[in-house]
Number of protein chains: 2
Amino acid sequence: MKGRRRGADLEAALLEAAWTELTERGYSGLTMEGVANRAGTSRPVLARRWNDKAELAIAAIRQQMAKHLMAVADRGDLRTELLEYLELASTRAKGIAAVFTLFSSEYFQDTSSTPQDLRTALLAGGKETLRALLDRAVERGEILEQNLAPPVDTLLGVLFRHHVLMTFSPPPEALRTAWVDRIFLPLVKGHKEES
Amino acid sequence: MKGRRRGADLEAALLEAAWTELTERGYSGLTMEGVANRAGTSRPVLARRWNDKAELAIAAIRQQMAKHLMAVADRGDLRTELLEYLELASTRAKGIAAVFTLFSSEYFQDTSSTPQDLRTALLAGGKETLRALLDRAVERGEILEQNLAPPVDTLLGVLFRHHVLMTFSPPPEALRTAWVDRIFLPLVKGHKEES
DNA sequence: ACGTCAAGATACATCAATGCATCTTAATAA
DNA sequence: TTATTAAGATGCATTGATGTATCTTGACGT
């Protein structure tokens, strides 16, 4: 036996269980009872910490975001780093899809309980990581700052997120490469000499 | 009083009510009772026609798709038609978002009751309209067939859908123009002379 | 005008999830 | 060791939505 868990240890375990349930069953299939069972405990233990499943799910998501943060090292080459970025993001596809089921369920609700900061943090989704990566490329002289104007700078994130939401699965390697080589790089490398 | 509705009339009215409820409350907020009330009738009337809310929602969506089909006339200019396409799509943003709440709710469910054909039809989302529009532009010689290879051809639809799913609102005109002028047209008009 | 059938109203049981109270027991601090 | 606190188990009432049976009544065909 592993004995009885307490305090922070227990809380982390509960949030892990909640996250697993969320990714396996989606937000609509998430229940306090299900989480309690998976965590090997009972509902009152959950009820003492979170008021409803929205709070629980949000806390679980926060824990996941804190646990793995996206990081792409400087490889000296933009294309390499972009592909790495997309590959890394792909490993989180299921989670991203699951998280989105929460937003779609809660959005229309009277009690739109989703905190705005979490919402934007998730919809941005590793925006900073991508941005940092692009800024490095600008400094290297690989691309022009002016080609990274608003709708273009986040394009890869958009393509990725869209694919995940439509298919609930990560984009295959060939598709990621096509995004980079046939869409993104042509746009940011394109000569911009017109008046 | 308007008297008692029957048969096909009644059914159409029920599906209208269901659609309204779906767009106002989302799939998670959709209830048989809510639809019955809005339609000015009672639950048994609904129960005689559809077994659960998934069936009802799907039927309601089908009716909407049949009612307004997207059509963009030949304007002789690709850019004009693309903007018109996006503008037309924007009027349906709320509905698209609502429909997607159904998929996110049902996807993880054991009874993944969403018919595959409807799913693909919706995820494609006016793909044929856009395709027809692009083919006309190719025939006019405005763009090159070879520049419409897979990840590029559906790009505008992707951008649009992503925006709707992220914000649950239609993209403003300025953004739609940016998509067309700064992303899509540069890609499809781009000279492709490299080896 | 009459008969048939479905619309619409009403009532009741059910089911899943939850809120909450209670009780036992293990872990930790003193 | 002992007191305290929270973990974990259990039971019960409640709530929201649904399934379903029954009954009345309006619409339509003949």
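Mentor: Let us begin with a term: buried area is the accessible area, taken with a 1.4 Å probe, that two parts lose on being put together, summed over both. Please also keep in mind that this is a predicted model. By that definition, domain 1 of chain A and domain 2 of chain A bury about 990 Å² between them, and 76% of this is on carbon and sulfur atoms.

Trainee: Which residues of domain 1 of chain A lose the most area to domain 2 of chain A?

Mentor: They are Tyr27(A), Ile58(A) and Ile61(A), which together make up 49% of what the domain 1 side buries.

Trainee: And where are the bounds of the two domains in chain A?

Mentor: The assignment gives 7–64 for domain 1 and 71–189 for domain 2. Their C-alpha centres lie 27 Å apart. Ten residues from domain 1 of chain A and 14 residues from domain 2 of chain A take part in the contact.

Trainee: How many salt bridges and polar contacts are there between these domains?

Mentor: The salt-bridge count between domain 1 of chain A and domain 2 of chain A is zero. For polar contact, the count is two residue pairs, both residues being at pLDDT 80 or more. On the domain 1 side, α1 and α4 (53–67) of chain A give two or more residues each. The most come from α4(A), with five residues. By class, that side divides into seven nonpolar residues, two polar and one charged.

Trainee: Let us move on to the two chains. How much area do chain A and chain B bury between them?

Mentor: About 3200 Å², with 72% of it on carbon and sulfur atoms. Phe108(A), Met166(A) and Phe168(A) supply 23% of the area that chain A buries against chain B, more than any other three residues.

Trainee: How many residues does each chain bring to that contact?

Mentor: Chain A brings 36 residues and chain B brings 36 residues. Between the chains there are zero salt bridges, while seven residue pairs are in polar contact, both residues at pLDDT 80 or more.

Trainee: Now the DNA. Which residues come nearest to DNA strand D?

Mentor: Of the 21 residues around DNA strand D, the nearest are Arg6(A), Arg48(A), Arg49(A), Arg4(B) and Arg6(B). Sugar and phosphate make up 52% of the atoms of DNA strand D that come within 4 Å of the protein.

Trainee: What do the arginines of chain A approach on the bases of DNA strand D?

Mentor: An N or O atom in the side chain of Arg4(A) is 3.0 Å from a base nitrogen of DNA strand D. A polar side-chain atom of Arg48(A) lies 2.7 Å from a base oxygen of DNA strand D.

Trainee: What is the make-up of the surface near DNA strand D, by class?

Mentor: It has five nonpolar, six polar and ten charged residues. The element that gives the most to this surface is α3(A), with three residues.

Trainee: Which element gives the most to the surface near DNA strand C?

Mentor: It is α3(B), with three residues. The residues of that surface divide into five nonpolar, five polar and ten charged.

Note on methods. Residues numbered from 1 in each chain as written. Chains lettered and ligands numbered in written order. Predicted model: local features only at pLDDT ≥ 70, side-chain atom pairs only at ≥ 80, totals over all residues. Heavy atoms only, no water. Contact = heavy atoms within 4.5 Å. Salt bridge = Lys/Arg side-chain N within 4 Å of Asp/Glu carboxyl O. Polar contact = N/O pair within 3.5 Å; in protein donor to acceptor, adjacent residues only side chain to side chain. Near = heavy atom within 4 Å. Helix = DSSP H or I, 4+ residues; strand = E, 2+ residues; numbered from the N terminus. Nonpolar A, V, L, I, M, F, W, Y, C, P; charged D, E, K, R; others polar. Domains from an automatic or database assignment.
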